[in-house]
Amino acid sequence: MNLKALLSQLAPWRAVMPTRLRENNMQAFALTCCVVSAALWICVGYGARAQALAAGFMASVLMLAVLAVCLGLRLRTCIQAVLCLALGDLAYAAWATGGIYSPFLAWLTVLPVVAFHLLGRQQGCVWAGLVAVFVAGAAYATAHQGLDPSFVLDATFAPLAFVTHWVVPLTLMLGPLFYDQLYKRSVWTSKERTQALELKKQELLRASEIRENFIATVSHELRTPMNAILGFNAMLLSRVQDREQAVKILNHTRQSADHLLTVINDVLDYTQLQAGQLSVHKDTFALRDTVNSAFGLFHVRVQSMRITYDCIIDPDVPVWVYSDRHRLMQVLVNLLGNAIKFTHQGHVTLRVRAHDNGVRFLVEDSGIGIAREQRARMFQRFSQADDSIQTRYGGNGLGLSISQRLVNALGGEIDFESEPGRGAVFWFDLPLREVVAPHLAPVQVGALHASADRALRFLVVDDHPMNRLLMRQILQNTWQHCVLVEAENGIKALQALKTQAFDVVLMDMVMPEMDGIEATHNLRMAMPAPACHTPVLGLTANVNPQDLARFQAAGVNTVLLKPFDQDRLCQQVEVLLGLRVSD
């Protein structure tokens with residue numbers, strides 16, 4: 001009979017048991033005590049006065065032990081007390097019934113077995129030693145006549161010896177049997193808990209996946225309209241340069257949009273960092289240009305502030321380096337943005353200098369500073385130096401946490417020094433070394449103007465009308481004689497490609513009915529030449545690395561992330577037009 005079946009048969013009895021005895025180890029202890037007690041009461045009926053007294057005393061002790069357990073006494077304490085009393089009772093019984101020849105000594109084999117199985121191996125060894133000493137003492141007492149002088153060995157001992165030698169092996173069998181069942185019960189319980197934990201793990205993984213998909217979807221839906229907001233803002237800004245008030249308003253709009261985009265990117269980046277999906281993509285780039293680009297993003301903001309804004313790059317800093325330009329710029333923007341936000345007057349300075357381990361970047365400010373006791377919280381997620389900081393200055397508390405992880409991913413370290421009221425210096429080191437400049441094709445000045453008079457045909461595929469309108473404005477401003485065809489999903493794009501020839505296709509990734517990945521794959525694999533060779537510029541607000549890799553694998557020539565820079569878009573289109581001409 002297996003343990004589960006045995007427990008099911010005991011189920012009706014459990015309802016009437018005391019609460020403590022409903023536990024399986026308690027049931028094993030109580031049942032063993034009851035069996036041994038019953039055997040001892042039999043000995044009471046057959047033994048002489050001394051034997052009956054010893055057997056009755058031990059039987060009573062066992063029943064009292066069961067009662068004590070039911071009342072809440074620790075099982076381990078109760079077992080130790082019973083073993084000690086049993087040893088004393090056996091000493092008296094052996095003294096009164098023949099010493100080393102006493103049948104009661106058979107019970108000595110029970111003591112170390114019970115201790116071994118219920119108290120542990122160490123206790124079992126201790127009790128085995130005590131039993132050995134006790135047997136040696138009984139032998140010595142027998143040899144020197146140190147026994148009860150009234151003891152007479154006769155036929156009355158036969159029933160007592162029979163019961164003793166029959167019950168003792170039964171008790172020794174019950175101990176390992178219950179121990180084995182307790183072990184099986186423990187294994188069964190462990191398996192149930194493991195299964196429950198596994199189910200909980202799967203639930204948490206599903207919840208995490210749902211959360212990540214939700215954040216990715218929300219971030220994509222937010223970045224998509226941001227493309228139109230920033231795009232039209234830049235377009236308007238280029239047309240009202242002679243109107244100071246309009247420029248000021250548009251600059252404020254641009255700053256607000258940039259701040260919102262930073263929050264969106266921070267949330268998305270942190271989610272990807274938590275999921276282990278945010279990776280770095282290293283390439284060779286000009287370090288000074290990247291630093292100046294990050295520094296220049298805040299020029300408009302600091303023009304209306306009473307601070308000195310400087311960038312100092314030492315001459316011994318490497319010109320060309322191999323790292324992730326995007327992530328480096330992201331860290332610099334985070335640190336510069338924080339410095340400017342917390343500095344009302346004085347200076348904000350970006351310094352770049354050569355260091356023993358590569359290059360050190362320092363962002364110094366004369367702002368509010370950071371208290372020493374708040375130092376440990378600075379790089380924690382959703383944390384700022386003071387709880388009032390968020391109320392007074394805004395922010396989501398993710399910038400520094402993400403910056404630390406990005407710096408670590410790039411193989412560097414980040415830290416800061418600060419005193420309250422005296423500003424702060426945030427610095428990070430990256431293992432950047434001078435590398436050979438990449439081979440760059442010579443830039444043809446006025447390349448865009450060279451193709452401006454051509455009657456180019458563009459297919460713009462995007463499910464958002466505002467994004468299609470923005471693309472139309474950008475393309476028509478650069479190529480005034482171009483012909484544009486619009487499609488709101490991949491199905492309509494393929495239909496247009498079957499009936500018309502295009503110079504470049506501008507393909508969005510996420511669309512209803514058929515997305516850009518599937519549409520591009522069908523274009524490359526199912527369309528006949530020359531349509532299948534049409535250059536495709538992928539456009540997407542989705543920054544998930546796996547989705548971008550799928551987009552690339554589908555056959556797009558290059559991918560541009562939304563919101564994109566208009567000049568960058570036109571340059572990419574011009575490159576694809578060159579591919580079309582070479583074909």
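**Note on helix packing and salt bridges in a predicted model**

1. Helix α5 (residues 110–119) packs against helix α6 (residues 121–143) at an angle of about 170°, and their axes lie 7 Å apart. Angles over 145 degrees count as roughly antiparallel and those under 35 degrees as roughly parallel, so α5 is roughly antiparallel to α6. Axes here are lines fitted to C-alpha atoms, for helices over the stretch in contact, with angles from 0 to 180 degrees between N-to-C directions. Helices (H or I, at least four residues) and strands (E, at least two) are DSSP runs, numbered from the N terminus.

2. This is a predicted model, in which local features need pLDDT of at least 70 and side-chain atom pairs count only at pLDDT 80 or more, whereas totals for chains, interfaces and linings use all residues. Residues are numbered from 1 along each chain as its sequence is written, and side-chain values use heavy atoms, with hydrogens and water left out.

3. The crossing of α5 and α6 is right-handed, that is, the near helix is turned clockwise from the far one by less than a right angle. On the α5 side, Leu111, Pro112, Ala115, Phe116 and Leu119 make the contact, and they meet Arg121, Gln123, Gly124, Trp127, Ala128 and Val131 of α6 (contact means heavy atoms within 4.5 Å). By class, the residues of this contact are eight nonpolar, two polar and one charged. Ala, Val, Leu, Ile, Met, Phe, Trp, Tyr, Cys and Pro count as nonpolar, Asp, Glu, Lys and Arg as charged, and the others, Gly among them, as polar.

4. Gly490, Leu494 and Leu497 of α16 make the contact with Ala519, Asn522 and Leu523 of α17. Four nonpolar, two polar and no charged residues take part in the contact of α16 with α17.

5. Nine salt bridges are present in the structure, a salt bridge being a side-chain nitrogen of Lys or Arg within 4 Å of a carboxyl oxygen of Asp or Glu. One of them joins the side chains of arginine 351 and glutamate 364 at 2.9 Å, N to O. Arginine 351 lies in strand β4 (residues 345–355) and glutamate 364 in strand β5 (residues 358–365), so this pair ties together parts 13 residues apart in sequence. With buried meaning under 20% relative accessible area, exposed over 50% and partly exposed in between (1.4 Å probe, protein chains only), arginine 351 is partly exposed at 25%, whereas glutamate 364 is buried at 16%.

6. Lysine 492 and glutamate 488 form another salt bridge, their closest N and O atoms being 3.0 Å apart. Lysine 492 is partly exposed, at 39% relative accessible area, and glutamate 488 is partly exposed as well, at 36%.

7. The salt bridge between the side chains of aspartate 508 and lysine 562 has an N to O distance of 3.2 Å. Aspartate 508 lies in strand β10 (residues 504–508) and lysine 562 in the loop between β12 (558–561) and α19 (566–582), so the pair ties together parts 54 residues apart in sequence. Both aspartate 508 and lysine 562 are buried. A network of salt bridges links Asp462, Asp508 and Lys562.

8. In helix α18 (residues 545–554), the buried residues are Pro545, Leu548, Phe551 and Ala554. Glycine 555 follows α18 and has a positive phi, near 125°.

Methods:
Angles under 35 degrees count as roughly parallel, over 145 as roughly antiparallel, 65 to 115 as roughly perpendicular and the rest as oblique.
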